[in-house]
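The following paragraphs lead the reader through one protein chain. They begin with the confidence of the model and then turn to its strands, its core and its aromatic residues.

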Amino acid sequence: MPRSTVSPARAQKPSSASTKNSNAPQRLKNGDEIRLRKTRRGVPPNRPKSSTGNSPQTVASSSIAKSKKSPKVKPSKSKTPKLRHKLANSVKKSVARRRLKKITRADLINAESRLGSKIFGPIPEGHRREFFHDQQNIWIWHESWLDESRHPRQMTVRYEVRPSGVYKKLSAGRYVKLEGDELENFRHATHAYLRTIKQNLYHRA
C-alpha cells in the first residue's frame, strides 16, 4: 500500500499557544529555568545609543567638513600708514624749519658765549664769565661776581681789531693798544674760540 504524503500546503502552522509559549521559561536538564529574549532581525541586542543622537553619517560628514580648511582671505593693503608716515615727516620738517627761523642772533651769541667762557680755564665759584665775537671786528669779554661783602662786581673788556692793531677798552675807559704777551694771548683766545664753536655748535653747517 503506498505511503501517504502530506503536501506543504497542508502543513500545519504553529498555533498561537505554541508561539506564546515560546517566551515561556525553558527548563534545563539540571532543573534551572531560563527565559529567552526575543530580538528583531538586524538589530543587535543592547545596542548603545549615541550620546549626541547623531548618526555615523552625520558625524563623518561633520569631521570631513572640519578637515577642509577654508581659504585664507588676504587683507587688503591700506595706504593709510604710508600717508600717515608722509604726513608725520612733513610735519617734522615744518617744525624744524620753524625752529630754525625762531633762532635769533642773540641766541647764537649766548650759545657762543657759553662755549667761549671755558677757554680761559675754570670759572671761580660765584663768577659769571662771557667771551664772544660781537661784530666783525669787535670782541667782548665780561665777568661778574660778588665780593667779600656780597656786593655785585663786574668788568667788561671790549676788544677792537683795527688795521693798525688790536685795542682794548675797560668799561667806560679809553682804548689802549695791545702789545707783547697780551696781544699774543688775545690771538690764542680768538683762535681757540673759533675752533670751539665750529666743533660744538656749527659742526653740521
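The structure is a predicted model, and pLDDT is the predictor's confidence in each residue, on a scale from 0 to 100. Over residues 1-20, pLDDT stays under 50, and the model has 0 contacts beyond four places in sequence for this segment. A contact here means heavy atoms within 4.5 Å. For the protein chain the mean pLDDT is 74, with 54% of the residues at 70 or more. Among the elements of the chain, the lowest mean pLDDT, 48, belongs to helix α1 (residues 16-21), whereas strand β7 (residues 176-177) has the highest, 96.

The strand pairing may be followed from β4 onward. Strands β4 and β5 pair in the antiparallel sense, over 9 bridges. One of the residues involved is W145, whose bridge partner in β5 is R153. The two strands form a hairpin with 5 residues between them, and in this hairpin R150 takes a positive phi near 65 degrees. Strand β5 also pairs with strand β6 (residues 165-170), again in the antiparallel sense, over 6 bridges. Here V157 has L170 in β6 as its bridge partner. The hairpin of β5 and β6 has 2 residues between the strands.

Which elements give two or more residues to the largest nonpolar core? That core has 17 residues, and those with the most contacts inside it are F131, W139, Y159, L178, F186 and Y193. Two or more residues come from each of α4, β3, β4 (138-146), β5 (152-162) and α5 (180-200). Helix α5 gives the most, with 5 residues.

F131 is buried, because its relative accessible area of 1% falls under the 20% cut-off. Leaving aside neighbours within four places in sequence, F131 is in contact with E112, S113, G116, S117, I119, F120, W139, I140, W141, A189 and Y193. One of these residues, S113, has its place in helix α4. S113 likewise counts as buried, at 3% relative accessibility. Beyond four places in sequence, S113 touches E130, F131 and F132.

The aromatic residues can be considered next. There are 6 aromatic pairs in the model. How does the burial of the two rings' residues compare? F131 is buried, at 1% relative accessible area, whereas F120 counts as partly exposed, at 38% relative accessibility. F120 and F131 also belong to one aromatic cluster together with W139, Y159, F186 and Y193.

The charged end of R162 sits over the ring of Y167, at 4.5 Å from its centre. R162 also lies over the face of Y175, with 4.9 Å to the ring centre.

Key
Residues numbered from 1 in each chain as written. Predicted model: local features only at pLDDT ≥ 70, side-chain atom pairs only at ≥ 80, totals over all residues. Heavy atoms only, no water. Phe/Tyr/Trp six-rings, centres within 6.5 Å; stacked < 30°, edge-to-face > 60°. Buried < 20%, exposed > 50% of the residue type's maximum accessible area, 1.4 Å probe, protein only. Lys NZ or Arg CZ within 6 Å of the ring centre and 35° of its normal. Helix = DSSP H or I, 4+ residues; strand = E, 2+ residues; numbered from the N terminus. Core = buried A, V, L, I, M, F, W, Y, C linked by side-chain atoms within 4.5 Å. Pairing = 2+ DSSP bridges.
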